[in-house]
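I opened this notebook to keep a record of what I looked up in one structure. The entries follow the sequence and the coordinates shown here.

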Amino acid sequence: MQSNKEQQWFIALDGGGTRTRAAICNASGRIAAMSVGDATNPLSRPWEAVKSTIRELVRDVIDRAGIEKALVSALYLGLAGADRPEIKDRLREAFTDEWGERLLLDNDAVSALYAGTWGGPGIVLIAGTGSIAYTVTADEQRQRTGGWGYLIGDEGSGFDIGRRAAAAVMQAADGRGKPTALTDLYLAHFGVNRPEELIARIYGGINPRKELADTSTLVEKAADLGDEVATQLIAHAADDLVELVSASLRKVGSPLPVVLAGGLLTADTMLRREVLRRARFAAKIPTVAPVIGALVAAMRRTGRHIDAEIASRLEQSGTVRKKE
């Protein structure tokens, strides 16, 4: 016979601008299913597509887990921008009829933080396509530093690095900047022969923001080869990211754990190494994906305490599912 804990289930989604991950676990922390779908950032995708993706992922993990929907105690949506009133209203309008008080909403930065603190307070520094430092204090106060989008913010992000590198290539072509290995790397990446041809290729792209963010890997490659321009770009980005955390700590006025998140900081990149070298704070790299942090958030929001046994089970079963 199943225990009460085994009959209580939690679904969590971690959604951003690239993809969305969903997971379902019981109250003891055993993950029964995980699934991956399209992006669910309400700020950058059509609203109907966002709703459809969420519904598909929820249905998929329920089916994979082989449980009845009535056994789900909470549906937690950790989405980019979901802490903004206008986005919350749209999500509630779309899903409250089906889920009622079981629907829980929050910013995806909380998922990334809890993947490192297991529900404790801290600051998460995220550097992927964009960047942000997001703080949750011991009394659940929220603060954000940066993350103001690619037009006026996102310092140290993949987009910021890629844009600066593309500018360096064009400046070198003009004779205004130093020659750089980035020129050949960018020409090959975009499939053109001359720097001038990059302009039409970049501006005419389907998603110039993402395409430039993807070229941050070229900057890493050039820096690894010793290219001076690329090395300076990585150093500049690292300084910007460290300042996001430093500003967050100044706001709080007391030490907090710092968790690194996002593709540029969870991988062993030169950028991460430079951030750690410059940081005057201790930083932690999570051993689990943000969707596990979203499950932690779902359980905490319903009054469950995440003890060492639950954390261990989430970590172990989440790692197995990820490998599958």
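**Entry 1. Terms and source.** I count two strands as paired if DSSP finds at least two bridges between them. I take helices (H or I, at least four residues) and strands (E, at least two) as DSSP runs, numbered from the N terminus. I note that this is a predicted model, in which local features need pLDDT of at least 70 and side-chain atom pairs count only at pLDDT 80 or more, while totals for chains, interfaces and linings use all residues. Residues are numbered from 1 along each chain as its sequence is written, and side-chain values use heavy atoms, with hydrogens and water left out.

Entry 2. I looked up strand S6 (residues 122-127) and found it joined to strand S9 (residues 258-261) by four bridges, the two running parallel. Leu-125 has Leu-260 in S9 as its bridge partner. I then traced the sheet as a whole: it is open, has five strands in the order S8-S7-S6-S9-S10, and its pairing is mixed. Strand S8 (142-145) and strand S10 (283-284) are the edge strands, each pairing on one side only.

**Entry 3. Strand S4 and its neighbours.** Which strands pair with S4? I found that strand S1 (residues 9-15) runs parallel to S4 and is joined to it by seven bridges. Leu-13 stands opposite Leu-77 in S4. Strand S5 (residues 103-107) also pairs with S4 in the parallel sense, over five bridges, and here Gly-78 stands opposite Asp-106 in S5.

I noted that S4, helix H2 (residues 85-99) and S5 make a right-handed β-α-β unit. A crossover is right-handed if, with the strands pointing away from the viewer, the path from the first strand over the helix to the second runs clockwise.

I checked burial next, where buried means under 20% relative accessible area, exposed over 50%, and partly exposed in between (1.4 Å probe, protein chains only). Strand S4 (residues 72-79) is largely enclosed by the rest of the structure, because seven of its eight residues are buried.

**Entry 4. Helix H12.** Helix H12 (residues 290-301) has twelve residues and reaches 16 Å from its first C-alpha to its last, close to the 16 Å expected at 1.5 Å a residue. The expected span is 1.5 Å times one less than the number of residues. Why do I call H12 largely enclosed by the rest of the structure? I do so because nine of its twelve residues are buried; among them are Val-291, Ile-292, Leu-295 and Met-299. Gly-303 follows H12 and has a positive phi, near 90°.

**Entry 5. Thr-231.** I placed Thr-231 in helix H9 (residues 228-252). Is Thr-231 buried or partly exposed? Thr-231 counts as partly exposed because its relative accessibility is 34%. Not counting residues up to four places away in sequence, Thr-231 touches Ala-223 and Gly-226, where contact means heavy atoms within 4.5 Å. The C-alpha atoms of Thr-231 and Glu-220 are separated by 8.1 Å, the two residues being eleven apart along the chain.

**Entry 6. The whole chain.** I counted 13 helices and ten strands in the protein chain. Buried residues make up 53% of its 324 residues. Among contacts between residues at least 6 apart in sequence, 66% join residues at least 24 apart. Along its principal axes the C-alpha trace spans about 75 × 40 × 35 Å.
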